Amino acid sequence: MEKITANIYDGAQAASVVVADKIAEQINNAEAEDRSFVLGLATGSTPLGVYRELINRVRKGEISFKNTYTFNLDEYYGIGPEHPESYRSFMERHFFSQIDIPPENTFVPDGLIPRSDLPSYCKSYEKEISEHGGIDVQLLGIGRTGHVGFNEPGSSVDSITRLVQLDDLTREDASRDFLGKENVPLYALTMGIQSILNAKQIFMLAWGKSKAPIVSKALEERPTLQIPASLLQEHEEIEVYLDRPASSELTRVKQPWTAGEIAWDDKMMKHAVSWLSLKSQKSVLKLLDKDYSEFGLSGLLASKGPAHKINIIGFNSVQHTISGWPGGKPQTDDETRPERSTPFPKKILFLAPEPQDTCLSAGATIQRLVQQGHELKIAVMTSGKNSVPHEETEKYFSFCQKIHDLSDLQEKLLQGLDYDKLDDEIKGKIKASLRRAETLSALKILGVEPENILFLDLPFYENGRERNYLPTEDDKRVLSSTITEFQPQQLFITGKDLEPSTVQSICYEMATDIMNDFSTEDWGKDCWVWLYESEKQIFNLGEIDMAVPMSPLEYANKSKAVFQHHSQQDQTPPITSEERLTWPLKSRSDILHAKRYDSLGLAEYEAIETFVRIRL
Ligand code: F6R
């Protein structure tokens, strides 16, 4: 199905090494032939691993950028090179300042060119590229809209460098960098699709599950203006590199039976039957032989058929994921239940990479576990300060000042100072306090007492910034002692399969490393690890191991708890019905899961939270 066959790697790191190898080889070849090399660059999280690899090689003396010219794809319009979120600053921070490239060899579009000069400026950017001999290798990420550079849906094949308006989803994705979507520029300068197609070779990269849907469309559908990346299918020298999660929606991965013979174990049958049921819009128990053959599942029919036999197996395995006892049901046969019945009650630890995570994806389950008498603790791993907009903090800051004035205190520490004049450290502290208050009130609604909430404030987050978090042994030490002191029997964590620079992914890696370190200890062997969804991740039906249904009242209560994380919501409410309140979207996936279970022919619930068991 893939018009461009993707290279799939276990992780982004492994893929980045291969891409860096290829670039390094071309740089050295150019040097051996005494010619310069022209590299097209992208910003964002995706190329960071490649940049780190290339920096290492420069440090080891394996390559030099002295003879390389770089051209960046794009720049936000309306902000200058000194702005911390400009792509010029990004490139300096993550790459240029750490390699030996002469500053005059680096080209990034200028976001401050007056509008009237834009046509000639854009032409001159293109001319500069061609005067340097054209781009030898263009590095690309892909946006969730399918954009490459900032060529949003609708961009034409023959577009060149120009001013564009950013898509709403693209601005949402950039909102964490700018602390709020309203602060993300509306416009950008970008090289066009034609400018990208002019490159001699293209490496397009994508990591993490949130990219999977758009990657499969870009590679498998006919080229269409609606998915700009699909227009690159016509390039003869394009290579696509994916990690496993980003490849998960490709047909050969999602429906592996289309790519040849496969082994039909229970897990694969559950996956295939639920896929077929959704695809054919028939409940599982109504599927016929002909449905299996028509949708390419004759292999399954041949090895496990007839249909009604497969239907029962598939139906039961999905049915068995449903449980109102997420910590196990005491004194019952647990053979077909997702969790063990003993010990009961259990010691349960929820790890929340960011303060809102547990509430968003497992709020109703937490409430249930507390009600069922388990000893439950929640460890909030980071303060969450880096995603609080200034507008929100300023509001609380001025509120505190008013309180101060009222109480006529002698030490009016903050009195009179404008929020803007505070230094970043104080602002960070105010933001962290704000997030603590939100977390406490959200978890209170779910029945969790403050003494069972631990705030770890891991240093990697306190000292880092978005897309640039570097965990160290200090982080691991803090987390490790939290886990080992409690010795939980259930550990809930999120962040698997996400783009590697996200806070959730970093926290997941750390937590699973620690669990692996203790896998031979009795408590470690005894602890079941459960993955809960993260903000931009919705589990496929086939992969779910536990589905915790909730009543309308429980769903309403969870929504109330979610709503306490006020600083994480869009600061501008939607104006038209087409605009979405983006952040609480996650809790709508609970409804989606319930609808899916219903359409398979299972019980109809208001909402469902879902979990995947991780076997380390
Ligand atoms: C950045 C650029 C964009 C990004 C894309 C993916 O220069 O041109 O097309 O490559 O938005 O962004 P990340 O890598 O942050 O997911």
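**View 1. Crossing of helices α2 and α3 in the predicted model.** The axes of helix α2 (residues 48-59) and helix α3 (residues 87-94) come within 10 Å of each other and cross at roughly 40°, where axes are lines fitted to C-alpha atoms, for helices over the stretch in contact, and angles run from 0 to 180 degrees between N-to-C directions. That angle makes α2 oblique to α3, since angles under 35 degrees count as roughly parallel, over 145 as roughly antiparallel, 65 to 115 as roughly perpendicular and the rest as oblique. Leu48, Tyr51 and Ile55 of α2 meet Phe90, Met91 and His94 of α3, contact being defined as heavy atoms within 4.5 Å. By class, this contact has five nonpolar, one polar and no charged residues (Ala, Val, Leu, Ile, Met, Phe, Trp, Tyr, Cys and Pro count as nonpolar, Asp, Glu, Lys and Arg as charged, and the others, Gly among them, as polar). Helices (H or I, at least four residues) and strands (E, at least two) are DSSP runs, numbered from the N terminus. Residues are numbered from 1 along each chain as its sequence is written. In this predicted model, local features need pLDDT of at least 70 and side-chain atom pairs count only at pLDDT 80 or more, while totals for chains, interfaces and linings use all residues; side-chain values use heavy atoms, with hydrogens and water left out.

**View 2. Aromatic pairs.** The structure holds 24 aromatic pairs, in which rings of Phe, Tyr and Trp (its six-membered ring) have centres within 6.5 Å, and planes under 30 degrees apart count as stacked, over 60 as edge-to-face and the rest as tilted. The rings of Phe95 and Phe96 are tilted, with centres 6.1 Å apart and planes at 40°. Phe95, at 0% relative accessibility, is buried, and Phe96 is buried at 5%, where buried means under 20% relative accessible area, exposed over 50% and partly exposed in between (1.4 Å probe, protein chains only). Trp257 and Trp275 form an edge-to-face pair, 5.3 Å centre to centre with 65° between the planes. Because Trp257 lies in the loop between α8 (251-254) and α9 (266-280) and Trp275 in helix α9, this pair ties together parts that are 18 residues apart in sequence. Both Trp257 and Trp275 are buried. Tyr51, Phe65, Phe95 and Phe96 form one aromatic cluster.

View 3. Ala218 lies in helix α7 (residues 212-220) and is buried, with a relative accessible area of 1%. Leaving aside neighbours within four places in sequence, Ala218 is in contact with Ile142, Ile227, Ala229, Ser230 and Gln233. Seven of the nine residues of α7 are buried, so this helix is largely enclosed by the rest of the structure. The buried residues of α7 pack against β1 (6-9), β9 (201-206), β10 (238-243) and α8.

**View 4. Backbone geometry in loops.** Most residues other than glycine have a negative phi, and most peptide bonds are trans. The peptide bond from Gly305 to Pro306 is cis, with omega near 5°, and Pro306 is found in the loop between α11 (298-304) and α12 (307-319). Another cis peptide bond joins Phe344 and Pro345, with omega about -10°. Gln331, in the loop between α12 and β11, has a positive phi near 50° and is exposed, with a relative accessible area of 83%.
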